[in-house]
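This briefing is for a reader who is meeting the structure for the first time. Please look over the sequence and the model before reading the points below.

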Amino acid sequence: MEWSFRTYVSSSGRRDVQRDIDDASPSVIQHFSSRIRYLANTPKVDWHEPQAKKLSGAEEIYEIRFKCAIQYRPLGFFGPGADEFTILVWASKKGSVWTPAQAIATAVDRRKKILKGDASCDALEIDGEEFPPA
């Protein structure tokens, strides 16, 4: 199985997650893209620490886990289509403190909006190219 990766797009067309990825430093992108390449070929049942983790208490929300000076934790879910994982929030975590502070609640809300058709998603891009390449 190979997952394709998507990013959240609001009903107004805002692409905040993709913008955050585009604004990340080259070293953060290197670590992130390495993790995405690994997870793209990993069955859902094997999405666990240290690469990823299903969050408890947040319906079907997973964190992609990597470190580059700080602990990055992009949050997303499997869907909306088959073989897709959509990144809902670009987040980081230090101890028990999330940045942004409401990252988990935002991810849960955005997942619901996508599933209801009130928001959409688009292909993840790194350096202007769909990633990981097909």
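Predicted model: local features only at pLDDT ≥ 70, side-chain atom pairs only at ≥ 80, totals over all residues.

Residues are numbered from 1 along each chain as its sequence is written, and side-chain values use heavy atoms, with hydrogens and water left out.

**Terms for helices, strands and burial**

- Helices (H or I, at least four residues) and strands (E, at least two) are DSSP runs, numbered from the N terminus.
- A residue is called buried under 20% relative accessible area, exposed over 50%, and partly exposed in between, with a 1.4 Å probe and protein chains only.

**Strands**

- Two strands count as paired if DSSP finds at least two bridges between them.
- Strand β6 (residues 75-78) pairs with strand β3 (residues 62-64) in the antiparallel sense, over two bridges.
- β6 also pairs in the antiparallel sense with strand β7 (residues 84-89), here over four bridges.
- Leu75 has a place in both pairings: Glu63 stands opposite Leu75 in β6, and Leu75 stands opposite Val89 in β7.
- A hairpin is formed by β6 and β7, with five residues between them.
- In the turn of this hairpin, Gly79 has a positive phi of about 140°.
- Gly79 is also joined to Pro80 by a cis peptide bond, with omega about 10°; Pro80 is found in the loop between β6 and β7.

**Helix α2**

- The expected span of a helix is 1.5 Å times one less than its number of residues.
- Helix α2 (residues 26-40) has 15 residues and should span 21 Å, which agrees with the 21 Å between its end C-alpha atoms.
- The buried residues of α2 are Val28, Ile29, Phe32, Ser33, Ile36, Leu39 and Ala40.

**Other backbone features in loops**

- Glu49 and Pro50 are joined by a cis peptide bond with omega about 10°; Pro50 is found in the loop between α2 and β2 (52-54).
- Ala69, in the loop between β4 (66-68) and β5 (70-72), has a phi near 75°, a positive value in a residue other than glycine.
- Ala69 counts as exposed because its relative accessibility is 78%.
- Glu60, in the loop between β2 and β3, also has a positive phi, near 60°, and is a residue other than glycine.

**Salt bridges**

- A salt bridge is a side-chain nitrogen of Lys or Arg within 4 Å of a carboxyl oxygen of Asp or Glu; by this rule the count comes to 14 salt bridges.
- One of them joins Arg19 and Asp16, whose closest N and O atoms are 3.0 Å apart.
- Arg19 and Asp16 are three residues apart in helix α1 (residues 16-23), so about one helical turn separates them.
- Arg19 is partly exposed, at a relative accessible area of 40%, whereas Asp16 is buried, at 17%.
- Asp16 also meets Arg110 in a salt bridge of 4.0 Å, N to O.
- Because Asp16 lies in helix α1 and Arg110 in helix α3 (residues 103-116), this pair ties together parts that are 94 residues apart in sequence.
- Arg110 counts as buried, at 15% relative accessibility.
- Lys44 and Glu60 meet through their side chains in another salt bridge (3.8 Å, N to O).
- This pair links distant parts of the chain, with Lys44 in the loop between α2 and β2 and Glu60 in the loop between β2 and β3, 16 residues apart.
- Lys44 is partly exposed, with a relative accessible area of 35%, and Glu60 is partly exposed, with 30%.
- Salt bridges that share partners join Arg14, Asp16, Arg19, Asp20 and Arg110 into one network.

**Cysteines**

- A disulfide is a pair of cysteine sulfur atoms within 2.5 Å; by this rule the count is zero disulfides.
- Cys68 is buried, with a relative accessible area of 13%, and Cys121 is buried, with 15%.
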